[in-house]
Amino acid sequence: MTQQVPLYIDGEFVQSKTDKWIDVTNPATQEVIAKAPCATQEEMEAAVASAKKAFLTWKETPVSERARVMMRYQALLKEHHDEIAEILASETGKTFDDAKGDVWRGIEVVEHAANIPSLVMGETVENVARGIDTYSYTQPLGVCAGITPFNFPAMIPLWMFPLAIACGNTFILKPSEQDPLTPTRLVELFEQAGAPKGVLQVIHGAKDQVDFILDEPAVRAISFVGSVPVGQYIYRRGTENMKRVQAFAGAKNHCVIMPDANKSQVISNLVGASVGAAGQRCMAISVAVFVGAAKEWIPEIAAELKKVRPGAWNDKDAAYGPLISPQAKQRVENFIKQGQAEGASLLVDGRDCQVEGFPNGNWVGPTMFSDVTTDMEIYKNEIFGPVLCATSTETLEEAIALVNANPYGNGTSIFTASGAAGRKYQHEVEVGQVGINIPIPVPLPFFSFTGWKGSFFGDLHAYGKQAVRFYSETKTITARWFESDIADASGPNMTIHLK
């Protein structure tokens, strides 16, 4: 009998009484490996009631005790690291190394949550007026919720609930229905770490379950990661219900290549950053902007991309796995067809990709277009597949203008030997995260993750021009390459900055 994924309500794993189930399939074979329930109204209400009750005592739990739960949790996650990665690989199709990276980046956030006492300190000033002292305290909000995507089923849930719970909140997690087995294992280990009954609930489902979270008055704050249309919907509906909402959405990340850059470094980094994880990550480099003579390197990059081979999760020689679903594969192939119709030069065609032994997998091989213009659909949309679009400009100024005109602002990078060019790009580009001579500039947990423009809906939109000025003065610049997306629980009450 196919495994039925349980709900986690009031400290217990329970089988849903729903009559609506969603197939969880292996993307390399289409085999149904589990069924995820669409939680009923009664089950969701029970989860909320448990979270509300638990909050009354959890918020009074000493912060050092909350930190110890996270210490035990990170130890268990490390102990079971490879086991979790194998579960993750089997339901997402990621290679084993990629899956291990997914788990490890989540562990790093839990380690950060274990430092919560120093993160939630308040402030005090004596004699703000004669004989009057002022104190401020950082306090939890209450019941919070997270809605997570398929592409990082360990890392992104671990961005959310450990930090929120460490801050004294209780949490309702609605993971992706496409790969719920990994979050289930994360919750089992959280329970083993000594998490009190009720501080974490897990419900499964689709739009109806998301709408419940958005409308439920007891849910005070929501974090989301996913596509632009869904992110906009969640932000609008959640804020209409007077909730704190932060929604990280789509991206179209540009990599600018100057002619003085190290060519071998550019080629190696660009290949991995564009097709790694089958391009199913918000920080993938999907547009390469070649400045001046650097465009002469395009044929060599195409030649290297042709050598990249996808495969099953346990194939040690595979560079990446299949796309998550047949629908995702069809969407990517439709974009490739459209790119040709729009006049882009298809240098590498990943359609009709075959992997021996897995004829039914959602395979798309490395794909590369050149001569891409900004009016093409393959440029304007996040393809979310192993597709690299190449374009060119004559000057760095033109490259910066091109990037700034794009509606997204998640991450970007520049490859150059010039410190002046690197600094100019860092200061003038209108993107939240900037890398210099690294392909994917993602910070560790003790920095914020700062998507801009159409890549993020949250306090940036809520506070308007003041927030634009603030964020423009506090870009995240990181000097190393980490394939993770980070949460930060700093600030008054509970604020989680998410991808």
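This is a predicted model: local features need pLDDT of at least 70, side-chain atom pairs count only at pLDDT 80 or more; totals for chains, interfaces and linings use all residues.

Biologist: OK. How does the radius of gyration of the protein chain fit a compact globule?

Modeller: It agrees: the protein chain has 23 Å, and a compact globule with 499 residues would be near 23 Å. As for the box around the C-alpha atoms, that is roughly 70 × 65 × 40 Å along the principal axes.

Biologist: And how much of the protein chain is buried?

Modeller: Buried residues are 59% of the 499. The protein chain still exposes about 20100 Å², with 51% of that coming from carbon and sulfur atoms.

Biologist: Switching topic, which domains is it divided into?

Modeller: Domain 1 covers 3–250 plus 451–479, and domain 2 covers 253–407 plus 411–436.

Biologist: Where do their centres sit relative to each other?

Modeller: The centres of domain 1 and domain 2 are 30 Å apart, going by C-alpha atoms. The two do touch: 27 residues of domain 1 are in contact with 34 residues of domain 2.

Biologist: What about contacts between residues 24 or more positions apart?

Modeller: Those make up 73% of the protein chain's contacts with a separation of 6 or more.

Biologist: Last one: how many charges, and how far apart are their mean positions?

Modeller: There are 44 positive and 57 negative charges, and their mean positions lie 3 Å apart.

How values were computed: Residues are numbered from 1 along each chain as its sequence is written. Side-chain values use heavy atoms; hydrogens and water are left out. The radius of gyration is taken over C-alpha atoms; the globule rule is 2.2 Å times the number of residues to the power 0.38. Buried means under 20% relative accessible area, exposed over 50%, partly exposed in between (1.4 Å probe, protein chains only). Contact means heavy atoms within 4.5 Å. Accessible areas come from the Shrake-Rupley method with a 1.4 Å probe; for residues, only the protein chains shown count as cover. Lys and Arg count as positive and Asp and Glu as negative; His and the chain ends are not counted. The place of a charge is taken as NZ of Lys, CZ of Arg, CG of Asp or CD of Glu. Domain bounds come from an automatic or database domain assignment.
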